[in-house]
Amino acid sequence: EFEEARKWVANDLVFDKNVDVNLFESTIRILGGLLSTYHLSGDSLFLEKAKDIGNRLMPAFKTPSKIPYSDVNIGRGTAHPPRWTSDSTVAEVTSIQLEFRELSRLTGDEKFQKAVDEVMKQVHTLSGKNDGLVPMFINTNSGQFTHLGVYTLGARADSYYEYLLKQWIQGGKKENELLEDYMRAIEGVKKHLLQRSQPKQLTFVGELAHGHFSAKMDHLVCFLPGTLALGAHNGLTADHMKLAEALIETCYEMYAQVETGLSPEIVHFNLHAQKGHKDVEIKPADRHNLLRPETVESLFYMYRFTGDKKYQDWGWEILQNFNKYTRVSTGGYTSINNVQNPSNPEPRDKMESFFLGETLKYMFLLFSDDIDLINLDKYVFNTEAHPLPIWVPA
């Protein structure tokens with residue numbers, strides 16, 4: 001199968017096309033995937049392809065502020081913001097660093113790392129943060145945060161926090177600004193976003209909008225227990241591990257308390273006990289499941305670092321429910337529209353690439369007891385589950 005895939009990459013994967021791609025998605029999936037495959041296989045074909053796509057993504061950084069545009073035409077070498085705004089998403093511009101830094105290290109060409117380091121330097125100094133928490137948008141002309149006052153660990157901000165820690169680990173724990181920003185952000189989470197639900201007293205991460213707390217939590221936030229555990233494993237404070245243990249339980253309950261045993265895209269937690277109500281409430285617009293990986297990803301980290309078999313058991317339950325409600329008889333799996341209806345979950349006929357790239361890969365790693373199957377002291381995963389080497393392994 002690998003040989004077949006290699007042949008396809010060699011002969012059919014052509015980037016010289018007049019097509020707009022999203023900088024962030026293309027970096028984490030295509031560039032990250034090629035770099036990872038190069039490291040796991042030692043085959044220079046993949047590095048050549050990585051260099052090609054890396055060069056084609058560079059025009060995104062030609063902006064007045066050096067904060068990249070969201071979209072690049074990889075054939076024409078032009079880039080632009082989305083049609084409706086000159087803003088980029090904070091998570092997107094701060095979650096391309098692992099890949100571009102590694103591309104510089106492998107090619108000896110500094111331009112890739114320089115471009116992405118510049119973004120981190122600027123974000124480090126910006127005003128508009130709230131105890132280390134960042135807004136969701138940043139303007140490519142001014143280089144300033146926009147839409148101030150809204151703080152979330154869900155969509156549009158999530159992987160900023162993940163990549164602070166992971167860049168610090170990737171670089172051999174030398175870049176203290178990254179660590180400071182990460183530690184400050186976790187303190188900000190504790191101070192502003194943590195609450196407990198009723199009746200089970202589940203610790204969850206809500207959102208803050210202009211001083212008002214909302215008990216809303218995206219499934220995306222379930223990356224956080226894994227990230228906290230990874231930080232604790234790398235010598236950060238032990239209370240990060242305690243928080244990780246509390247949050248992974250919450251993420252598991254986001255599956256367990258639902259009729260199909262599959263989490264919806266977004267949940268709202270009950271802050272007040274009501275007769276006959278669970279901790280988790282689901283609004284009709286939020287009850288879809290896209291086969292997302294975040295909870296399984298965190299289960300993998302928790303199992304690796306604690307050895308507690310319950311994390312494998314929880315993952316196994318989740319996998320069985322994916323098989324029961326999302327598996328397609330003719331092959332593959334599909335997103336579903338309604339996790340609350342076991343008799344008809346309303347299949348969408350769509351499987352996101354991250355289901356194979358992340359969800360199943362983390363399942364595979366979770367169920368393996370071989371810690372050298374991607375050793376976490378030698379590799380750091382990018383946000384699309386592609387392992388990249390740590391430059392100075394522990």
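This is a predicted model: local features need pLDDT of at least 70, side-chain atom pairs count only at pLDDT 80 or more; totals for chains, interfaces and linings use all residues.
Residues are numbered from 1 along each chain as its sequence is written, and side-chain values use heavy atoms, with hydrogens and water left out.

**The annotated residues**

- In the unreviewed UniProt entry, the annotation "active site" covers E25, D158, E265 and E294; UniProt positions follow the numbering used here, feature names are shortened, and annotations may be inferred rather than shown by experiment.
- Of these residues, E265 is included in the lining of the largest cavity. On a 1 Å grid over the protein atoms alone, a cavity is a set of points where a 1.4 Å probe fits but cannot get out, and lining residues have an atom within 4 Å of a point.
- E25 sits in helix 2, residues 23-41 (helices are DSSP runs of H or I with at least four residues, strands are E runs of at least two, and both are numbered from the N terminus).
- E25 counts as partly exposed because its relative accessibility is 28%. Buried means under 20% relative accessible area, exposed means over 50%, and partly exposed is in between, using a 1.4 Å probe and protein chains only.
- E294 lies in helix 11 and counts as buried, at 9% relative accessibility.
- Leaving out residues up to four places away in sequence, E294 touches H219, L220, C222 and F223 (contact means heavy atoms within 4.5 Å).
- The side chains of E294 and H219 are joined by a polar contact of 3.2 Å. That term means a pair of N or O atoms within 3.5 Å; within protein, one must be able to donate a hydrogen and the other to accept it, and residues adjacent in sequence count only if both atoms are side-chain atoms.

**The disulfide**

- How many disulfides does a search of the whole structure find? There is one, and it joins C222 to C251, with an S to S distance of 2.1 Å (the cut-off is a pair of cysteine sulfur atoms within 2.5 Å).
- C222 is in the loop between strand 12 (216-218) and helix 9 (224-233), and C251 is in helix 10 (residues 239-256), so the pair ties together parts that are 29 residues apart in sequence.
- The torsion about the S-S bond of C222 and C251 is about -100°, so the disulfide is left-handed.
- C222 is buried at 0% relative accessibility, and C251 is buried too, at 1%.

- F300 has its place in helix 11, residues 294-306, and counts as buried because its relative accessibility is 0%.
- Beyond its neighbours within four places in sequence, F300 is in contact with Y362, L365, L366, L376 and F381.
- F300 and Q312 are twelve residues apart along the chain, and their C-alpha atoms are separated by 7.9 Å.
- E384 belongs to the loop between strand 15 (379-381) and strand 16 (387-389), and at 5% relative accessibility E384 counts as buried.
- Not counting residues up to four places away in sequence, E384 touches I28, R29, S353, F354, G357 and E358.

**Helix 7**

- Helix 7 (residues 158-170) has 13 residues and should span 18 Å at 1.5 Å a residue; its end C-alpha atoms are 19 Å apart, which agrees. The expected span is 1.5 Å times one less than the number of residues.
- Helix 7 is mostly covered, with 13 of its 13 residues buried.
- Just after helix 7, G172 takes a positive phi of about 85°.

Terms used:
On a 1 Å grid over the protein atoms alone, a cavity is a set of points where a 1.4 Å probe fits but cannot get out, and a pocket is an open set with protein on both sides within 12 Å along at least five of seven lines; lining residues have an atom within 4 Å of a point.
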